[in-house]
Amino acid sequence: MVARENEFFGLFVEESTEQIEKIEQGILKLEEGYSEETIKEVFRMAHSLKGSSTIMGFAHLSEFTHNMESLLEKIKTRAVPLNEEVIDLLFECVDKIKEMRDNITKSRSDEVDITKTCEKITSFVGKKKTKRCSKNTSDEFSVTEYELLVMDDAVRREQNVFIIKVGIEEDASMKSMKAFLAVNNLKNLGQVLRVWPHNYDTADDSELNNGFKVVLITSQSKEKVEKNIDAAGEIKSIIIDSFKGKESEGNNIDVKVNEKLEDNLLFRTEKRSYIRVDIAKLDKLMGFVGELVIDNGRLSQVAGKLKARFKGDPDIKELLETVEHVDYIGSEIQDAVMNVRVYTVENIFNKFHRMIRDLSKRSNKEISFITEGENTELDRGILEEIVDPLVHLIRNAVDHGIETVEERLEKGKAAQGTINLKAKHQENNVIIEISDDGKGLDINSIKSKALEKGLVTIDDVETMSDQEAVDLIFLPGFSTAKIITDISGRGVGMDVVKTNVEKMNGVIEIETEKNKGTRFIIKLPLTLAIIQVLLVKEGNLNFALPLSSVVETIRLSELETKEYIKKVKGKKVYIWEDQIIPIIRLGDYYEVKYSNDNSKTFLIIAGFSQKYVCFMAERLVGEQQIVIKSLGEYLGKGKLLGEVKGISGATILGDGSFAYVMDIPELLKDLKSAEHK
Amino acid sequence: MRILENLRQVIVFSLDNEDYGIDVENICEVNRLKEINIVEFPKAPDFIEGIINLRGEVVPIVDMRKRLKMPAKERDRHSRIIITKIEKKTVGFVVDKVIKAAEFLPQEISTSTDEITQNGKYIKAIAKKDSEIIVILDVKEIINNTEDR
């Protein structure tokens with residue numbers, strides 16, 4: 001029992017988080033202007049939140065969302081203007097709901113001080129209507145425009161359109177049962193367009209005290225209809241009115257279109273169904289699919305060999321066809337599973353609208369926040385990991401990037417600053433860009449800051465390129481903020497951003513120009529589980545370089561080798577497009593025996609942010625997709641395999657052999673620290 | 001029945017002509033050496049033989065002699081790899097020879113290892129039965145406590 005309860009609880013927390021998010025997004029939209037659609041959406045979310053919290057027994061949350069609904073209803077009917085004060089109040093409501101949700105998650109209690117917020121709501125809504133179920137007392141009919149059209153059309157086809165009010169005996173028990181039977185009987189006579197209340201078949205007896213109402217389109221007579229309703233039993237009264245068409249004056253009944261918001265909304269819930277799955281199960285599935293893809297590769301290889309050996313054998317043809325089909329199915333499954341794990345970045349982008357709104361209000365800056373490419377899809381695991389770095393970068397953009405209005409006007413810029421958040425696909429990567437049109441990074445102040453903190457020497461600073469200077473902000477212990485403000489966070493530096501991005505096999509770069517702005521470019525793989533690598537062989541070992549960090553592969557002839565490979569201070573370097581890049585012989589770095597063949601040389605340029613390294617190995621094997629097996633349990637200081645720099649894991653190749661997956665950022669760091677020693 | 005419950009089951013193997021044991025609950029399987037392709041692991045400590053592909057899982061292989069600072073010995077047809085699993089870590093150990101599975105009563109086991117100076121921290125207990133003395137190794141310590149080398 002407890003386990004099931006916990007399961008429901010988990011579902012509740014997750015669902016409510018989604019609903020709260022949607023409410024918040026809706027309010028952000030409303031801030032831009034009144035939209036009936038959006039209010040309906042927000043209302044629907046608040047309503048389902050109310051429902052689920054009632055079921056879970058969180059009375060405070062349920063009551064509070066009910067209050068919020070009342071406010072929304074007033075806004076919808078324009079009884080309450082949608083001004084800044086009201087928007088702020090709506091945000092306050094969301095914050096309170098979040099607070100309750102957090103309390104519920106932590107301690108299963110939804111008690112939060114909401115009196116002030118409720119008072120504010122009451123000041124707009126008025127005191128009454130704190131109790132529910134008064135909503136069905138209204139005698140008015142309301143239908144949607146569509147329904148009105150249907151009714152009108154039916155009249156034109158000379159059908160009877162009846163608007164029926166049915167009263168049930170007051171002392172009848174299980175009134176919903178009576179209502180259900182009556183409506184069911186009516187369905188046999190024609191089309192039941194609408195029933196009030198919508199939950200007539202499940203409603204409490206108290207809700208059906210005033211009976212129920214039906215719109216029926218039928219070719220049958222009033223008498224027949226009456227009989228059918230009466231058959232349900234314990235019916236007190238039946239009033240049948242005819243609808244004569246919407247233009248007709250003969251309507252003795254007042255049909256209002258779309259008057260009662262709530263009822264309409266509840267009719268229109270989405271029909272698509274979803275299930276919630278533990279992400280760990282998907283991870284497991286993903287792992288198996290990875291294995292399958294690799295085994296398929298192995299199968300194809302063997303089949304190819306057999307084909308050469310037994311050419312013309314009829315079984316071989318079948319084998320090849322089957323292998324090909326299995327291969328196809330395998331890649332389809334891989335796509336499908338990856339697709340399940342994939343989310344659009346919209347989910348996280350939307351969070352930032354609210355954040356920027358609050359931040360800019362607090363810092364007295366005017367900022368327009370523009371997002372692009374919300375439909376770009378990314379693995380859920382990566383999506384979760386990227387939120388924190390993005391929060392940090394966006395906070396920085398607001399806090400340090402965009403200037404105050406006065407500063408901007410002085411510089412001849414538009415008063416309103418702009419922050420752009422963009423996502424797009426590029427080959428096997430997703431690129432996320434954050435750019436602002438603020439003051440840009442001040443290279444000199446970065447240099448002096450780094451000096452002051454003892455992160456670099458005077459010599460370093462003097463020989464440093466601008467790009468290298470900019471990259472200093474990624475060093476641990478560097479932070480340009482003079483005072484740690486509430487906005488730009490609690491001492492978490494850019495180095496954490498960089499580490500987080502690199503953990504996902506991603507890359508981060510900065511472009512900046514004084515008084516023009518700054519752009520951060522984050523390049524991420526599509527998925528964490530399967531990565532695209534370049535395989536190279538050195539001695540008996542295979543090494544896999546993630547393609548995300550490979551810039552170029554070069555094959556040099558003996559002559560070219562002499563021309564482009566030089567020795568500087570006893571170390572080999574490669575001259576590449578006017579740059580001098582250190583050469584790392586994989587065999588030397590990893591202490592592996594290799595054969596030295598001077599007639600051909602393979603070079604792989606890897607790295608990023610103008611920091612490159614050139615690997616040299618015996619043989620280039622080719623590009624391949626691999627499933628990385630983490631060696632985290634074994635690798636590291638004091639662990640079994642020790643601290644081996646530049647290896648993040650291993651992978652099993654098609655022929656069953658291993659390749660070591662290289663961690664290039666880590667290796668670059670190691671080289672750098674070796675240089676300093 | 002009561003006695004059976006208290007029996008300690010140990011896989012007994014030899015290293016440098018001495019008998020050692022590992023508790024059965026830590027052991028997954030025992031493999032012949034020649035059936036397994038061990039790939040060297042770059043820059044790893046010297047007691048690491050390499051890694052193997054055990055049905056899709058990457059498993060590091062430790063030379064138990066080297067790990068316990070014993071003289072090296074050439075592999076022969078008796079050499080075996082004992083695959084152990086502790087705290088999600090699967091590790092294989094190369095030993096000279098696997099002798100048998102043995103069972104010991106509680107009174108046959110002493111957990112005081114004070115008298116042993118060499119490799120003392122890697123020893124969990126000592127089992128004595130008749131003239132046999134079997135040193136039961138602490139695989140967890142052997143895997144995790146690799147700082148002193």
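Modeller: What follows is a conversation about the two chains, the interface that they share, and a few single residues.

Modeller: This is a predicted model, in which local features need pLDDT of at least 70 and side-chain atom pairs count only at pLDDT 80 or more, while totals for chains, interfaces and linings use all residues. Residues are numbered from 1 along each chain as its sequence is written, chains are lettered from A and ligands numbered from 1 in the order in which they are written, and side-chain values use heavy atoms, with hydrogens and water left out.

Biologist: How many helices and strands does chain A have, and how many are there in chain B?

Modeller: Chain A has 21 helices and 25 strands, whereas chain B has three helices and 11 strands; here helices (H or I, at least four residues) and strands (E, at least two) are DSSP runs, numbered from the N terminus. Along its sequence, chain B follows the pattern α-β-β-β-β-β-α-β-β-β-β-β-β-α.

Biologist: Why is Asn31(B) called buried?

Modeller: Buried means under 20% relative accessible area, exposed means over 50%, and partly exposed lies in between (1.4 Å probe, protein chains only). Asn31(B) has 14% relative accessibility and therefore counts as buried. Asn31(B) lies in strand E3 (residues 27-32) of chain B. By this rule, buried residues make up 50% of the 149 residues in chain B, and 46% of the 677 residues of chain A count as buried.

Biologist: What makes the pair of Asn31(B) and Glu29(B) a polar contact?

Modeller: A polar contact is a pair of N or O atoms within 3.5 Å, where within protein one must be able to donate a hydrogen and the other to accept it, and residues adjacent in sequence count only if both atoms are side-chain atoms. The side chains of Asn31(B) and Glu29(B) make such a contact at 3.0 Å.

Biologist: Which residues does Asn31(B) touch, not counting those up to four places away in sequence?

Modeller: Contact means heavy atoms within 4.5 Å, and with those neighbours set aside Asn31(B) touches Ile36(B), Leu54(B), Arg80(B), Ile81(B) and Ile83(B).

Biologist: What makes the phi of Asn364(A) worth a remark?

Modeller: Most residues other than glycine have a negative phi. Asn364(A) is not a glycine, yet it has a positive phi of about 60°. Asn364(A) lies in the loop between helix H12 (346-362) and strand E8 (367-372) of chain A, and because its relative accessible area is 62%, Asn364(A) is exposed. Asp130(B), which is not a glycine either, has a positive phi of about 50°. Asp130(B) is found in the loop between strand E10 (123-129) and strand E11 (132-137) of chain B, and with 79% relative accessibility Asp130(B) counts as exposed.

Biologist: How do you know that chain A and chain B touch, and what area do they bury between them?

Modeller: By the contact rule, 24 residues of chain A are in contact with 28 residues of chain B. Buried area is the accessible area (1.4 Å probe) that two parts lose on being put together, summed over both, and for these chains it is about 2,200 Å², 67% of it on carbon and sulfur atoms. Tyr634(A), Leu640(A) and Phe658(A) supply 31% of the area that chain A buries against chain B, more than any other three residues.

Biologist: How many salt bridges and how many residue pairs in polar contact does the rule find across this interface?

Modeller: A salt bridge is a side-chain nitrogen of Lys or Arg within 4 Å of a carboxyl oxygen of Asp or Glu, and across the interface of chain A and chain B the rule finds zero of these. The rule for polar contacts finds three residue pairs there (both at pLDDT 80 or more).
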